[in-house]
Structure formats: structure tokens, C-alpha cells
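Colleague: I have a two-chain model on my screen. Can we go through how its chains meet?

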2 protein chains.
Amino acid sequence: MGPIPDSNPVLPGTHWKQWHHAIGGELTDVPEDSWNTVLKEKHPEMLHLLQFPYNGEPPKRLTTAQPVTPNSLHFVRNHGGIPLIDKDKFFLRLDGLVKNPKTYTLDDLMDESKFPRMKKMITMQCSGTRRIEQISLYAGQGDEVPQAPWAEGAIGTAEYVGISLKKVIKDCGGLLEGGKHLELYGAETYFKNDEVMNYLVSVPWSKVKANEVMLAWEMNGEPLPKIHGYPLRVMVMGYIGARSVKWLYRIKAIETPSLAPVQSKEYLYFNQQVGKHNQRPTDGIQIQEMPVSSAIMSPWKNQVVIHNGKIRCKGWAYSGGGRWPERVELSSDGGFSWYAVPLENMSKKGQWTWRTWEIDLPCDVEGWIEIVCRCWDNALNTQPLAVRAAWNWGLHVTSSAHRISVYSINKSRPLTAERIEMFKAHGQPIAPITWPEELPTQTWDEYKDFFKKYPRDADNEAV
Amino acid sequence: MGPIPDSNPVLPGTHWKQWHHAIGGELTDVPEDSWNTVLKEKHPEMLHLLQFPYNGEPPKRLTTAQPVTPNSLHFVRNHGGIPLIDKDKFFLRLDGLVKNPKTYTLDDLMDESKFPRMKKMITMQCSGTRRIEQISLYAGQGDEVPQAPWAEGAIGTAEYVGISLKKVIKDCGGLLEGGKHLELYGAETYFKNDEVMNYLVSVPWSKVKANEVMLAWEMNGEPLPKIHGYPLRVMVMGYIGARSVKWLYRIKAIETPSLAPVQSKEYLYFNQQVGKHNQRPTDGIQIQEMPVSSAIMSPWKNQVVIHNGKIRCKGWAYSGGGRWPERVELSSDGGFSWYAVPLENMSKKGQWTWRTWEIDLPCDVEGWIEIVCRCWDNALNTQPLAVRAAWNWGLHVTSSAHRISVYSINKSRPLTAERIEMFKAHGQPIAPITWPEELPTQTWDEYKDFFKKYPRDADNEAV
């Protein structure tokens, strides 16, 4: 057992960088610009999973430190470079199956006489959150391509200001016959195999019509950071982060979900038992809403926890599609008995937000235990109990109950308290627990007395 | 997923080597002599786990290639250097609580007029067999000290020739009042913390009296190899290998199990929930007999297996204490449904031996499956189903059902057979399964037709 790692594996993204350098011109500097933006806008303790395109998440203890995530600590999942856009030259085009295609400047969109303001607290989650658990179980699509090995921090909550996309569509005269989906174009360069394009996905009109798709320019009271989509991004409430396009420059009304690769061939929830050789894109369920999920942010996996019969646990719970966590339960016995988090220890409900929580989880036993966390949302959805149950070929949506192994030392037990004092008095550390210790628990006389009372071997004579 | 490893982690044993070098004199060369003996006596494909003291096991495919293990492939678990003993200067001393303490040369012991010959087929198993599975689950005592991370090869079967220890004790006039255990001294240097000694353990008189403890000088028709205890070793039938002392030079009758550290403080089966800080030696069950266990030797963990609806599996099964495998069962669905190995595919029963087996295990499903193996012995003992159930602080006796993840490709399915042909025709390898493949499974027309028939989104109008 080594020290608890304070970082996930970091991938440099060499191929993406080489591509940009090879193209030349303005694109040459994109990898360096991206990294400089990270250094400028993000917290120094961010865990970098992929340097370029930049992917990073906050460390566990900072992820749920507050119910609202500071901008510098919000996770980032970029698919290309970070476009550095001049707000004054920016415009948004609306076309495709809309009655009157139009072009808007940022000032047009901010004109409150035309478009009423919206302010929403929204939790955004990457469909790759907790992917590391699936990777650790079985290899799947994407464990050898640089898909980020996310832990539990690929989720964040912020207050966004902007307008409803529905109003903008109405301003264009509404949709033409057959218009059922909106394609959203981001300005970043995106490439897959030999195809190069901008980042492109779509959302259904039904979602837009419900005023659940927002065009946002403000995040937690500040202009959008460059790394989060300045000057304008989409926020699709209750959908995975991949649909909330950053650096938005075009919206196109179309008949079917986008055929662009991000929508048609990626972010698909594949069958566990169909792999590379006969996987068809149509076998994958498109990942839009996230199912109910949760994570334990403290203690850490493999941590040695010295406690008084109760282990303080912290974490988050979330459900997509406008559902919210109603109950969070923890187990210290691998998922047999469950303790509900007291309601006063949960952050408040929001239709589009997570809830952070804390609990003093009873634990009598010492040694390796397994702490498990699960959530029930307001539609009574809950999480599968094992990673395998929700393992899927694309390694997306790790929604199984979160399990962590923890080494429990319960000092409410007199013998344990005594031993800990003895270790302290001799300046001997308890951890690493596997290092031989030099303070005998027993004298030879105690040893011999023990076996006089409880012999090693069964006697074939005595009764 | 990297290539299947062909070796376990190798530890050099630097501290042991330094100790010998520091002592000087004859002991200086012990580490080098040991390694030279390995190179001379053992198969070139042995997997070296610890260079000094030498610990090694055969690779999977060679472990169960034959029901009797060739000497060069038999696993080795040494605790010190390999004594290079001159047979003509050798003598065995018998003392302690025997009526007439005596000293024997090898010729004395080989005198058939005094001691009738014994020939026995015996399987020997290290209590550390399959330890790697426990290490992978939780850290425990010994994962940071150089205890060997054994896989499934720390077991071997050979025919030994020698005499019963019972007859030698009788030749000394039998035991004195109170003599209940026999201490067995090996000539190798053994050290633990600051204590230096010879290797020393004990067996109970009841075991000796049953003629189940043998003094052996021949292994598979050859004199004992140096690495296996030349010129004389103990073979304790049905007990763990640690009791079968090599390079035997003294036997002492005593009242209680030996207080030497190997017997009193090691090879103990500790409680899962009591760890370093308050573990007492008396909390451990002395490991003498091994419980029923088994292992899958083919296919390998993480192997991509292309099959016709049945996966050929091979392995071993064993039970200690004179019990033997009656039934071996395999599952390809993680332990839900079980197929018994046909009796004609099992090697024959022996009171002290393993049984090797083969089965064509039905498997329809493709993708990641879990093959599980369990054994029932003649006392109807069977194996716990999960590693955790049998995990113990000392990481000994990994007796849980053996589980391996395998990637199944079933070419009895027409679509799969077709795709495999397509891969072949294009010279594209199937493995690694996670590498992106370039042969589309679907045209855009097929994609579009699919969604006309089975739309992505539920319609709120149609019935």
C-alpha cells in the first residue's frame, strides 16, 4: 500500500498538440494558449487528467467544500483548444429550420427588452464522472485512447445568468415544419480519426420548449471564464455537460439528432456484452440525462481512519433531468445495513442541483471495511449496488453505489485506545499499517498461559 | 489493458543478501550459491518471485501440464540460503523427550532391515498460494515485507521415497512422558528482525504416529535436488509446505508446539478485523492442514478468448489433511450456474494429492465474463465464493473460489464469425480489444433507417 495518490494519472495529449502544430497558422499556439489559460483561471490544486485538450477536476476535499463550486475549482472537460474570442467581434447565428434565420451580437442577446433574464443554479456533471472505477474493473472502449480517467470530481455547481434559448427561437419566428432538434456549434477545434470539425451536438426541441436550455454569459456573478466558454455558452439543465456547448457561435434547427460524431458515435451507453468487433452506433443509448448517483469525498479510498465508533463521511448526490436527491444512505458494512443522512446535514434541494451531505457513520468493527453510498431521488430511482451492474463498453455513467475500502481503527475500544497510546509513547507511527511494529502485544508467559487454557490441538481423550 | 504479464513481480531480497555478506566467512557466498543452484536445477521458465531466499513457481501452462510435477518445475519456497551438504558428512540427530537419543547417518536411515521403505505421491502446497488475490484486494501484514506474491503455481506433486518418522522414533525407544510434538530443524540460515537461527517448526506426535510424516531422500525417482533439501527432508502429508523441513539435521521431541518464530508467530491465520496495532500471536490459527481449494490455469486473467460456444478450461483442485477433491465445478457467469467437470476429465484420486482437470465450459455471452472455479472435497467442504470472505491479515490460505475475468468472443454466432472474417481479410487484429477499429459495423443509411424504425426519443403523441 503506497501513499494515497493526490492526483489521477495525467495524459499529456501529445497527438492533439502535434495536430495543432502541424496545421500551423493561428492554430499553432492553441496547446500553449490552452495551458496558459488553465494556469491563469484555474485553482493551483486542480488535478490535471489530460493536459491538452484540457481536462481537470478539483481534489476531493475541495469538490464538496461548498454547495456552490467556485469557478476556479469547477471541473473542465474540453474537447479541443480554448478559443480566445473578442466579445466585440462575436456573433451568434441562428439558421436551419427556423422561419427567419438571424444573427445576434452579445448586446442583442443581453437586451432585456427583447429577452427576459434567467438566473439558475445548475449542477453540471460529465458522463465520465467516476470512470476510473469502470476502468479498474474491466478494459473497455476508450481506456487506451485518451479519454480522461475521471474520479469523483467531474461535477460542479454554479449560478448562471443568461436567457432561454426558447425566446431566441421565437424571435426567429419559431421552427419550420419538421424542426425537432437544435444543433449547437462550439468554436473549438475538434477532431476524431481523420475528421476535423468544430464541436457539435444537439438537443431536442422539447427540452428547449420547456425553458430548460439557457444561453449563459455569467457564472457565479462573473463573466464566463475563457476556459468555461467565454463569451457565450449553452447550459442544458439536467443533461450531461457534453450538451452544454461552450464558445457557442451557431444554432441550427434540424429534423433528427445531430449526425456529428460527438452526438452519433460518442457519449453512447453501450451494452456490457457487445464489444469492439460487432458494436454498432445504434446499439448505444444516447446519454442526455444523467441517472441518480452519488460519491463519498471523505474519507479516501485506502485511508487509515482512527475514530470513536463513528466515521465522519462527506460527499455529494445528484440526479439528472430535473429530479433531485431525496435520501442519501451510507453503509459501513459493504452495503448490508444503511444509515440515512440526517436531513439537516444535506444542502438544500434544487431542481437542477446536487446536494452535498455529511454523516457520522456508525462503525464498530476494526480492520478493512467497505463504506458504500447510495442515493434515492424523488422518482425513487436508486443506484445499482455493484460497478459491474452498470459497467458499459464506453465506460460512461458510472452510476453504481460508490464503494471505498477504508482501514478502521476504533479507539472507543479500550484495548485499541491503550495500544494507540503505547505507539504514541514510543514515537511509533500507526501507518503504514503493514509495516512491522516492534511493540509486542503479548509476553511469552501470556502466550504459554493462553495455550494452557485454550490448547492448539483438539484432545481425543478429554471431555 | 497491457499484454498478459508472463512474470510476477520479482523482489531481489537485498536485505537478506546484505546480511550474509556482512556475516562473512562461509556465509558470504550463500546468496550467489543459491542463485547458481536455481539456474542449475530449475526450469528456465520458472517465475522468480524472490531471488534470495529463492522463491519461484512454474508458469501457469506448465503447472498442470502433467498430474506429476517434474522436479525442475516444482515450486520452491525457501526461507534462507541453500545449504550445500556433503552426504557423507551428514548425520541426523534425534533428541529431546525420546527414551534413547541417537544419531543416524544417511546409510543408517536407508538400511531396509531397520526401516521399511515408504513411497508416496504427495502434493505440497504453500500456504501463500494465490496470495496475489488477497494483496490485490486489501493491504495486509506482509505486503510490504518481502513475502512472496504467489499466484496459482505454488503447488506441486511428486513421488517421494523414504521412511516413516514414526519408525525412527520407535528406534529411539519411543517418546518420554510429555513428549507430544516433534521439532524439525533445517540447516538453512533463517532470520527475523534481529534473531538469527536455523529454520525450525514442529508437527504433533499424533500426525507422526499415523505414519503421515516421512523422511525422504528421493523425489520422482531421483535423489532430492539440492534446492529441495538434499540429502534429507521431511514430507508432512496433507500439511502446508512450511512443515516439510528441508536439509533436516535434527529432530527434538518437546511438550508443546515449537516456540520458534516460524511456528509461533508466522504461518498463522489471523482474523480479518484485527490488524497490526492489537494483533496477538495467539489470535492466529496455526496453519497446518490446507482447506479445499482450486485454481483455473487456462485461460488467463484478462485473456481474449475466441471460442465456439465453449471455453476450454484447465486447472487443479486440492484438499489438505488427507481429504481429496470429489467434484470440481465451473461457472462462466460469475458463480450463478455451475458445470461439474466430467469425471473422465479429472486425474485420479489420491489421499495426499491434487487432481488436475479440464472442461469445455459452455459460454454463450460475449464481452467480459467471469469464470469461477470451486471444489467440493470428500468431506463436502467447499470454498467461500469471494476473496473477502477468506481474506486474512497474514494473507495466507487464499481458499476462495478462483475468479478470472475473460473477454469472450463467441464465433458460433453468425454475426461474430462474419466480423472476425472481415477483420482477417483486412489484416486487422481483434486484440487489443480496446484499440479503435476501422471497419464500420454500419453505414449511414443503415443508421438512419434504424432510427426511423426505432426513434431516439419517446413521442408524446403516437400510440
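Colleague: How many residue pairs are in polar contact across the interface of chain B and chain A?

Modeller: This is a predicted model, where local features need pLDDT of at least 70, side-chain atom pairs count only at pLDDT 80 or more, and totals for chains, interfaces and linings use all residues. Residues are numbered from 1 along each chain as written, chains are lettered from A in the order written, and side-chain values use heavy atoms without hydrogens or water. A polar contact is a pair of N or O atoms within 3.5 Å; within protein, one must be able to donate a hydrogen and the other to accept it, and residues adjacent in sequence count only if both atoms are side-chain atoms. With both residues at pLDDT 80 or more, the rule finds 26 residue pairs.

Colleague: Which element gives the largest share of the side of chain B that touches chain A?

Modeller: Elements are DSSP runs, helices (H or I) of at least four residues and strands (E) of at least two, numbered from the N terminus. Those giving two or more residues include strand S22 (367-377) and helix H10 (414-425) of chain B. The largest share, five residues, comes from H11(B).

Colleague: How much area do chain B and chain A bury between them?

Modeller: Buried area is the accessible area (1.4 Å probe) that two parts lose on being put together, summed over both. Carbon and sulfur atoms carry 54% of it. The total is about 5400 Å².
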